Amino acid sequence: MHRLGGTGRAPILAGFRWRSDATSADGRCPLDQLFTAENLHWRDKARDIADRIVRPLAAKYDREQEYPWEIRDALAEAGLFGVWIPKEFGGHGGGVMDLCLVVEELSRACGGVGVLFAVNALGSFPILLAGTDEQKAAYLPSIANGEKLIAFGLSERPAGSDASGLLTNAVEDGDHWVLNGSKKWTTNGGAADIYSIFAVTDPASKSRRISAIIVEKGDPGFEIGRKEDKMGIRCVPVVELHFDNCRVPKNRLLGGRAGLGFKHAMMTLDRARPGVAAQAMGLAAGALELATVYATQRKQFGAPISSFQMIQQLLADMASNVEAGRQLVYAAARACDAGAPELTKMAAMSKLFATDMAMRVTTDAVQVFGGYGFMKDYPIEKFMRDAKITQIYEGTNQVQRLVIARNLIKEAGRLDHLAAFIPLPDHPNTLEDLARAERASADA
Ligand code: CAA
């Protein structure tokens, strides 16, 4: 069984073994002992590609705003596109944890490459979570080996945060679905061969209005529209998609059942948001590393600026926040892989915390670089530009707060026993009343 199903049966420490031989000589992750051998294997592969291939190319693709096919090829050759895909469908049988470790490493070198990779998880999670066996067998192996890229089409001009307000529609016509409408902000669009598209199939229904349909590049009536000119993550395309009487065979309806699309979109986002959090955290970690090295080399007043306490304070706060974000990302990833009941809240918390943190840390890193940091021939301003979108996509951080609060309130039922200790107008409101209430509850 793969780990994304959320059945709660996959052990949280599957494959765990204490690594007494693990070293953290490079000082990057002091907690390697907590990972499985597989986790470390995929993380190290990603780290090698990030340092050797991604970092030297990051500025070029940022400038040109073109898809870095040579980086895609290196990731595919290393087998990284298969880390979240079950073995029976050509992957390596890992889960959200392996996905996050790879995204973190890539984002340390280039936030655009981090999402270029992670967006394939976002696009393929609907198939993994809800596809029929035939759909999984048809699509997942070519995604796992990196031959095909995939995108996720949910947002539309009138439906950003209000995802259920989308208008693209699909109607049955003989053996086909016919789609009409447009999608907005589709990351990986144009580069991708496969698209998980959310469309209205039952306009009259309130809760079963939307279905997911798989669309392929080349389907009649499907066109890639305007390519956005972006502030950050410039190496990965973000485009509009247009459907003009686009005909796809009936068996492309996800899971073979209409009406479950919104749920599938939400379940997908739950498992993809830790990946955005990992992208943000990787960006923050990468910016901190550069700022630390710069601070030890840059001299002012006759001494490296790292010797000044105001710079030390910046670096210390940045490092503490990166580490807090990292642990929350890993906790959310483990919650997803274990199918923990709190995974929706944990995923939203990791996305909220890590992306707000990344914005602060990358901004402070520019500050450490001073005037040079503002210039494009230094690598640091790109981290700040790349970080901004992480607070917005896959659910704005305002939406994450909504999700967290809704779940907290839902869980409040478990805390009913605390009500007796809170003096409210219609509850006991003096210490004496409280003591009486406690005695009464002990007697009961
Ligand atoms: N898992 C399973 N089901 C869920 C769920 C979850 N996490 N969250 C909600 N649902 C179900 C509910 O149970 C409910 O089901 P019933 O109708 O059967 O009761 C249904 O979905 C509707 O739920 P809500 O009433 O909570 O829905 P809402 O309209 O109030 O919306 C929202 C909630 C949290 C705001 C949601 O719309 C949302 O997450 N919005 C943000 C969308 C988003 O992240 N978009 C980004 C797209 S990807 C992208 O950025 C582009 C890219 O390419 C990277």
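Guide: Helices (H or I, at least four residues) and strands (E, at least two) are DSSP runs, numbered from the N terminus. The model is predicted, with local features needing pLDDT of at least 70 and side-chain atom pairs counting only at pLDDT 80 or more, while totals for chains, interfaces and linings use all residues. Residues are numbered from 1 along each chain as its sequence is written, and side-chain values use heavy atoms, with hydrogens and water left out.

Visitor: How many residues surround the ligand?
Guide: A residue is near a molecule if one of its heavy atoms lies within 4 Å of it. Ser161, Asp270, Glu394, Gly395 and Arg406 are the closest to the ligand. The number of residues that surround the ligand is 27.

Visitor: Which element gives the most to the shell around the ligand?
Guide: At least two residues of the shell come from each of strand E3 (176-187), helix H6 (261-297) and helix H10 (397-411). With 7 residues, the element that gives the most is H6.

Visitor: How far is a backbone N or O atom of Glu394 from an oxygen atom of the ligand?
Guide: A polar contact is a pair of N or O atoms within 3.5 Å. A polar backbone atom of Ser161 is 2.8 Å from a nitrogen atom of the ligand, and an N or O atom in the side chain of Lys263 is 3.0 Å from a ligand oxygen atom. For the backbone atom of Glu394 and an oxygen atom of the ligand, the distance is 2.7 Å.

Visitor: What percentage of the ligand's accessible area does the protein cover?
Guide: Accessible areas come from the Shrake-Rupley method with a 1.4 Å probe. On its own, the ligand has 1,100 Å² of accessible area. The part of this that the protein covers is 72%.

Visitor: What is the volume of the largest pocket?
Guide: On a 1 Å grid over the protein atoms alone, a pocket is an open set of points with protein on both sides within 12 Å along at least five of seven lines, whereas a cavity is a set where a 1.4 Å probe fits but cannot get out; lining residues have an atom within 4 Å of a point. The ligand takes up the space of the largest pocket, where a molecule counts as sitting in a pocket if more than half of its atoms lie within 2 Å of its grid points. A volume is the space filled by probe spheres set on the points, which are joined across faces, edges and corners. For the largest pocket, this is about 1,300 Å³.

Visitor: Which element supplies the largest share of the lining of the largest pocket?
Guide: The lining has 46 residues, and Gly160, Leu269, Arg273, Glu394 and Gly395 lie nearest the centre of the pocket. Two or more lining residues come from each of helix H4 (111-130), E3, H6, helix H8 (343-373), helix H9 (380-388) and H10. The largest share, 7 residues, comes from H6.

Visitor: Which element gives the most to the lining of the second largest pocket?
Guide: This pocket has a volume of about 310 Å³. Its lining has 16 residues, with Ala58, Ala59, Tyr378, Pro379 and Lys382 the closest to its centre. Helix H1 (37-64) and H9 each supply at least two of the lining residues. With 5 residues, the element that gives the most is H1.

Visitor: Which elements give two or more residues to the lining of the second largest cavity?
Guide: The whole structure has 5 cavities of 30 Å³ or more, and the second largest cavity holds about 50 Å³ of space. Its lining includes Leu99, Val115, Gln279 and Glu394. The elements that give two or more residues to this lining are H4 and H6.

Note on methods:
A polar contact is a pair of N or O atoms within 3.5 Å; within protein, one must be able to donate a hydrogen and the other to accept it, and residues adjacent in sequence count only if both atoms are side-chain atoms.
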